[in-house]
Amino acid sequence: MQMPAPIRAPTFLSRRRLFEQKLSDLHKCTDFNQLKQLHALIYKSNLHNHPFVAPKLVSALSLCRQMALAVNVFDQVEEPNSHLWNTLIKAYVQNSRPDKAFEVFCEMRCSGVSPDNYTYLFLLKACSGLKSIKMIHAHVEKCNFYSDLFVPNSLIDAYSKCGLTGLEESKTLFGVMSERDLVTYNSMISGLVKAGELKEARKLFDEMPERDRVSWNAILDGYVKAGEMRTAYQIFEKMPSRDVVSWSTVISGYAKAGDIDMAKVLFDSMPAKNLVTWTIMISSYAEKGNGKEAVGLYHRMEGEKLRPDDTSFVSILSASAESGLLGLGKKVHQSITKTSYKCSTLVNNALVDMYCKCGSLNRAWSIFNSIERKDLISWNAMIHGLAMHGHGKNALQLFDRMKREGFEPDKVTFVAVLSACSHSGLVKDGIHHFYSMESDYEIAPEIEHYGCMIDLLGRGGCLNEAFGLVHSMPFEPNVVIWSSLLGACRMHNAVELANEVLDQLVKLDPENARNYSMMSNIHANAGDWGSVASARSRMKETGGERANKGVSSIELHDEFHEFTVMDTTHPKSDSIYETVDGLSQHLRKIACVPNVVV
């Protein structure tokens with residue numbers, strides 16, 4: 001007996017249902033090729049001006065960064081309603097075009113369509129300053145949209161991001177609100193915490209009729225940022241429930257406060273760790289110069305099958321750069337290469353900066369040249385790297401190449417350029433670039449640029465010009481500038497000028513024994529032993545003779561080893577001195593260096 005064929009729905013009905021399903025999810029589509037096919041079907045079905053379909057199509061095109069096509073869809077609707085206008089405003093905000101969002105808002109009002117509460121919610125996200133927020137606020141008051149709590153809550157949040165003046169506006173609005181919900185309180189507390197008004201934030205927190213995890217995390221963040229870790233931990237302990245944000249906040253707080261052991265205890269106690277907490281701990285160990293722990297944690301993180309993202313890579317590489325942990329930086333770079341991670345310009349810039357600061361200039365140069373889409377930060381990092389290693393001429397050549405490729409320097413570029421001139425003794429070049437800042441690029445020199453110029457003139461023996469610049473610059477000279485001048489006076493045996501500089505340094509930094517140590521050396525070079533004794537005496541009075549000894553450090557097997565003069569604190573100091581003594585005896589025997597003193 002022949003079995004009947006299974007019954008199937010007509011093909012046209014299946015296609016229709018599929019099309020309807022795709023239309024309902026259209027606003028979520030991020031695949032531009034798929035979206036083009038759907039767009040064609042929508043036109044074929046004559047649905048392009050349908051009030052349900054058009055906003056979804058605009059949203060989808062916005063997600064695919066196709067704003068020209070989104071505007072084209074909008075323009076084909078004869079009488080767009082408020083929902084479609086709002087969708088276009090939101091699209092411009094999402095595509096970082098706040099100016100166009102406000103332009104559409106004006107067109108909307110001119111066309112006779114009344115904005116609704118959603119219009120102002122989207123526009124608040126486009127606001128970049130207090131003036132535009134106040135304008136939106138005035139419209140909200142005029143239209144009486146306060147009944148929708150989303151609107152005043154969004155106003156409080158927007159005001160709170162505009163400094164102390166904005167905070168006062170948000171306080172005023174909070175005070176006149178007849179109805180408040182959890183979001184209102186949380187927005188206000190977050191604004192107070194951001195402005196450093198911790199006491200007021202705590203008072204409001206205690207007054208809250210109910211709290212959620214956002215409330216607890218906001219006040220916890222406030223105490224952590226204020227460095228009040230004891231109170232922060234008490235808050236943490238009282239929390240009815242904790243999430244990854246709570247754990248990350250308190251771990252980061254202890255790490256920044258220098259209590260890395262407590263941070264590690266909390267990290268190990270965490271029920272579920274994510275990429276953020278791993279990054280915090282690895283970066284914290286790196287910042288403390290503890291490469292062994294940092295590399296060990298990095299290996300553990302990889303063992304957990306967590307793949308770092310741009311933020312994690314940049315954070316760890318930045319910490320490695322500041323501490324000079326080349327081993328950790330290389331480990332991160334190896335992971336990037338091994339996993340074929342597609343590096344963004346941001347990550348490549350961090351790699352260039354790390355290798356420069358860790359002394360591996362060739363690797364930095366190789367990565368710099370491999371960056372497909374260099375930005376100004378790429379150029380600045382490489383120029384600064386060449387500058388700090390004494391390759392002044394190469395740095396200036398790279399600066400010229402940067403300009404030829406269409407990049408306009410900023411104030412950071414000129415710090416690097418002037419530093420390059422200073423480290424390489426290129427006085428004429430430095431003077432030229434310093435004065436070109438304002439004349440060619442309308443960049444007013446800041447104290448860092450004056451500091452570089454004063455250091456350049458001082459190193460180049462132009463001490464009178466350096467002093468003239470100190471007295472004529474529109475800033476009060478700081479400790480760094482006076483210390484730079486004192487170093488120049490020592491280099492060129494300028495005793496009288498050195499005494500003048502020391503007087504200024506004593507006013508600004510009276511407890512720093514290094515200043516008297518340098519003056520002692522200056523007087524010693526001049527043969528003035530009475531002044532040497534006086535400087536040594538004043539150095540002892542500061543109590544800083546021992547504390548200000550120079551420190552040398554070396555990285556070996558992902559660990560830093562520090563040494564001072566006649567240091568015996570290192571666990572292997574006996575064998576180190578034995579080796580040094582053996583080398584000294586050997587040198588005396590072969591008479592390479594007579595009268596070697598160790």
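Close-up 1. Ser96 sits out in the open at 59% relative accessible area, where exposed means over 50%, buried under 20% and partly exposed in between (1.4 Å probe, protein chains only). Its phi is positive, about 60 degrees, even though Ser96 isn't a glycine. Look for Ser96 in the loop between α5 (82-94) and α6 (98-110); helices here are DSSP runs of H or I with at least four residues, strands are E runs of at least two, and both are numbered from the N terminus. This is a predicted model, so local features need pLDDT of at least 70 and side-chain atom pairs count only at pLDDT 80 or more, while totals for chains, interfaces and linings use all residues. Residue numbers start from 1 along each chain as its sequence is written, and side-chain values use heavy atoms, leaving out hydrogens and water.

**Close-up 2. Ser340, another non-glycine residue with a positive phi.** Phi of Ser340 is near 55 degrees. Ser340 belongs to the loop between α20 (326-338) and α21 (345-357), and is exposed at 63% relative accessible area.

**Close-up 3. Met382 in the largest nonpolar core.** That core has 167 residues, and those with the most contacts inside it are Ile251, Leu328, Val352 and Met382. A nonpolar core here is a set of buried Ala, Val, Leu, Ile, Met, Phe, Trp, Tyr and Cys residues joined through side-chain atoms within 4.5 Å. Setting aside neighbours within four places in sequence, Met382 is in contact with Val352, Cys356, Leu361, Ala364, Trp365, Phe368 and Leu398 (contact means heavy atoms within 4.5 Å).

Close-up 4. Glu200 is partly exposed at 32%, and so is Lys171 at 22%.

Close-up 5. Lys203 is exposed at 52%, whereas Glu207 is partly exposed at 44%. Elsewhere, salt bridges with shared partners tie Glu168, Lys171 and Glu200 into one network.

Methods. A salt bridge is a side-chain nitrogen of Lys or Arg within 4 Å of a carboxyl oxygen of Asp or Glu.
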